[in-house]
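Welcome to this guided tour. Please open the model in your viewer and keep the selection tool at hand.

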There are 2 protein chains.
Amino acid sequence: MAGRHQLLRMLGILLCALLVTADSAPAEDGLAAARSFRQANEASILGAFAELLSIPNVASDSENIVRNAELIRGRLEERGVAAELWTLNGAPPVVFGALDVTDAERTLGFYVHYDGQPVDLDQWDQPPWSPTLYTGAIEEGGRPRPWPQPGEAVDPEWRIYGRSSGDDKAPLAAIFAALDALEAAGIEPSSNLRFLFEGEEEAGSEHLEEYLRQHREDLEVDVWLICDGPVHQSRRPQLVFGVRGYTGLDITVYGATRYLHSGHYGNWAPNPAHLLARLLAGMKDDDGNVLVEGFYQDTAPIGEAERAAMATLPDFDDDLRRELGLAATEADNALLAERLLIPSLNIRGLESGAVGAEARNVIPTEATASIDIRLAKGDDPVKMLDRVEEHIRRQGYHIVRDEPDPAVRLEYPKIARVSRREGYPAARTGMDLAVVGDIIGAAGRAADGPLVLPPTMGGSLPLYLFTELLAAPVVIVPIANHDDNQHAPNENLRLANLWYGIDLMAALLTLP
Amino acid sequence: MAGRHQLLRMLGILLCALLVTADSAPAEDGLAAARSFRQANEASILGAFAELLSIPNVASDSENIVRNAELIRGRLEERGVAAELWTLNGAPPVVFGALDVTDAERTLGFYVHYDGQPVDLDQWDQPPWSPTLYTGAIEEGGRPRPWPQPGEAVDPEWRIYGRSSGDDKAPLAAIFAALDALEAAGIEPSSNLRFLFEGEEEAGSEHLEEYLRQHREDLEVDVWLICDGPVHQSRRPQLVFGVRGYTGLDITVYGATRYLHSGHYGNWAPNPAHLLARLLAGMKDDDGNVLVEGFYQDTAPIGEAERAAMATLPDFDDDLRRELGLAATEADNALLAERLLIPSLNIRGLESGAVGAEARNVIPTEATASIDIRLAKGDDPVKMLDRVEEHIRRQGYHIVRDEPDPAVRLEYPKIARVSRREGYPAARTGMDLAVVGDIIGAAGRAADGPLVLPPTMGGSLPLYLFTELLAAPVVIVPIANHDDNQHAPNENLRLANLWYGIDLMAALLTLP
């Protein structure tokens, strides 16, 4: 638990984040430089971004993915960053860049991915890799318009349509423009910089771990800024301090070896659907508490800093609940943000026999549940599955890995086949770290309003590779609009978000 | 509960059934007459049966079904039974016959159905309505052979192949031959006789209730002999004293109105699969006891007569258990025959989200269980569903009949949509009734060995129409071999079973 001192410090940080503070000496110069540079160069910033967006970037399209990587490496080098392509057989290259600064006390790592989701051409209003400027969101009547001439006024509500405009080339454009702005103002970055630009995130980051292991020594930083994802649905900028981990298992329990007539055998032959219902019922109570012994044992407690941050989150639980047709949510309507900080056990599928028109008066032969488990900070995916298995054993089950053979069936009255899925732990950065305080401060200055600071997002990403393999904290630093059609046709970026991104990057590059 | 007197009486009856008793005066004359008549007339009995089997008898084949009915009516009339066809629009006719005997103290009703299951011609070794004599079961190497000449020796292991040879024209052939035998020996039946031969049993007996209501006054009997079904798997003849009733319901419980990402909302939005698991788990415990309040309240207790009869049943539970790959059965391996005498609650299907390759990391929107309930004597199908609904309500659920609308969803945290299925009660005849004792005695004399006397069968049939609408007890009197391929291709009747059937009918017709 954080002490009184840390709590007061955290509240100070939040105050910085919530108020747009005016000038805080040298760091503020970087932000001001970015703003004036951007205002003077909007047309050329957009032109350079459009060029980057015009190269197809599906991870499996090797030829084009390398063209993307080469262009990005060139842009880093043009800005004085030592850049190279790392390669692995069969994998898109990683673009790596490093810039060391005299007397810097910190090293910042910037992670971006330059690959994008595959496209369904028929569903796009213009070709996905022919970036097009619109006067607004297409759904709201936005129309295509010419790219602006130098000096022409640019409406921040305009949007650039094109694959990866939001997810995830926007941070690249922001970083390049921020570096240009500092250069133009004669301001040096305040930290050493490491750039790690991945080319297969949308294809599952299969080679990321190997890249990180091979180049671990090049990747020693004080904090990783994960530049990905959208800002809050309220359009307020956000920083996110973690992700949930993930694991899961499938459980099948057994009845007789063949379907039995429920009249001739009902009440006598065990019914696997009943068995499964009882097994699952014992795993979670009506209040949403998981009853598996030790399930919450390793979970990091929610700190004062997280509680303070959660208190500033927009209050939209009730709206969400109503939108979803729910009269109540788990744990007596506890806050969604708080529920994401403890591990969850979710039945994603349940099947036995048949319902509806296919239903027959039989005792089914087996019943299966598919379960996913979201992990909070501190939870180990393997231990969590071990605990669920121990719970199953305590209910009298013999656990098998394959379909039970006749001898096993005759030996054990209750048999559960358990298939474990691979998992990975959560990642969450303590909001009371000094560098985190500085980042919150910088983002607060870049934002034109209060920040949203969720301690974690609900989704799972393998950020543990950064926090565990590279042993550095992570902060997720999104810039794209929440309605950017990420992963969908007509992906887009609102210019106001790009402008915020440039400001944010400049503020981070000149972190005090 | 039966008193000591009744118990002693029952044991006496069982003794009769278990031992093939030699002579018990006039009744024994009927049986002896049947045996000598049959031995002298095997060829012509088989010929007459073959003629009956050669008319196609699927209930929907109106023209042929009437041909069957006409032939059967003719055969009754030839034997001095006043016979007629009852008709209803769109329904196969019922063949009704009545024979009154001077000074008879009882009226016996014989129910048989003359329609058969539809056929898949490709799967038969000979056309289903071209009855063919085989030297044994086809699967055991039986070969077709010519029909016997009068006086030719007939092997009782021969089989007649043809649709309805077992299910359910065999009892017709047996009744006709038994009447002929009595006639030839100059013996009058000892009871008034009513014959009710149905033509749409295999199509669901849709019009049976209406026929019975319209002709109730013609159908006043002391006992209905339901001549249908096979003898015991051990080949031992059996009498069965009841059937289970049936009802059922489907339950759907609800989560959010759309699938939710289990990371973003897991632990917060209620999971309907968990809800359903808890609801179902509360309905039945690990010992197989249904926990719904009042579930066993109206169930007729198992009488001493039933217990005595069950004690004589072949002990095959363990074999069955092993065959089905079960290490244990419900209620600490309680006897199957005993478990059939209490109501059961069986989950026949369970579905929520998806398992296997289709599984996704989501919180499903709903979860459904399909349940069937088998009823024992005394249980009312409507009351049983009421009790299950009350159980659901006590778990905090609001019950709806249709998909809940948004207002209902926002009002009630737990909503269950319940669809009730139509049901009907069980029928079970007390084994200590005087007429039942006489029937057991007659069947015991006809059988060449001990009888099997299950108090009920596991399956459900609408015999309540006889026990409740016609207010008479029923006894199920099967004659076909258990391996007669009932409902399947290559249906057949083993001649030994037909010979037993003739003996049995003669014994029943001359019931003391």
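Two strands pair if DSSP finds at least two bridges between them. Helices (H or I, at least four residues) and strands (E, at least two) are DSSP runs, numbered from the N terminus. The model is predicted: local features need pLDDT of at least 70, side-chain atom pairs count only at pLDDT 80 or more, and totals for chains, interfaces and linings use all residues. Residues are numbered from 1 along each chain as its sequence is written, while chains are lettered from A and ligands numbered from 1 in the order in which they are written.

**Stop 1: a sheet in chain A**

Select residues 159–161 of chain A, which are strand β6, and then β19(A): the two pair in the antiparallel sense over 3 bridges. Here A:Arg159 stands opposite A:Arg494 of β19(A). Now widen the view to an open sheet of 4 strands, in the order β5-β4-β6-β19 of chain A, with antiparallel pairing. Its edge strands, β5 (144–145) and β19 (492–494) of chain A, each pair on one side only.

**Stop 2: where the chains meet**

Show both chains. How many residues of chain B are in contact with chain A? There are 67, and they touch 68 residues of chain A; contact means that the C-beta atoms, placed from the backbone, lie within 7 Å. On this side of chain B, β12(B) gives the most, with 9 residues.

Select residues 344–353 of chain A, strand β12: 5 bridges join this strand to β12(B), and the two run antiparallel. Look for A:Leu350, which stands opposite B:Ser352 in β12(B).

**Stop 3: two crossing helices**

Next, select helix α8 of chain A (residues 272–281) and α7(B). Their axes come within 8 Å and cross at roughly 115 degrees. Axes are lines fitted to C-alpha atoms, for helices over the stretch in contact, and angles run from 0 to 180 degrees between N-to-C directions. α8(A) and α7(B) are therefore roughly perpendicular to each other; that label covers 65 to 115 degrees. Among the residues making this contact are A:His274 and A:Arg278 of α8(A), and B:His274 and B:Arg278 of α7(B).

**Stop 4: the whole pair**

Zoom out. A rotation of 180 degrees with 0.0 Å of shift along its axis superposes chain B on chain A, with an RMSD of 0.1 Å. The two copies are thus related as by a two-fold rotation axis. Superposition is by least squares on the C-alpha atoms of residues with pLDDT of at least 70 in both copies. The same surface serves both copies, as 100% of the contact residues of chain B recur in chain A.

How values were computed
Contact = placed C-beta atoms within 7 Å. Parallel < 35°, antiparallel > 145°, perpendicular 65-115°, else oblique.
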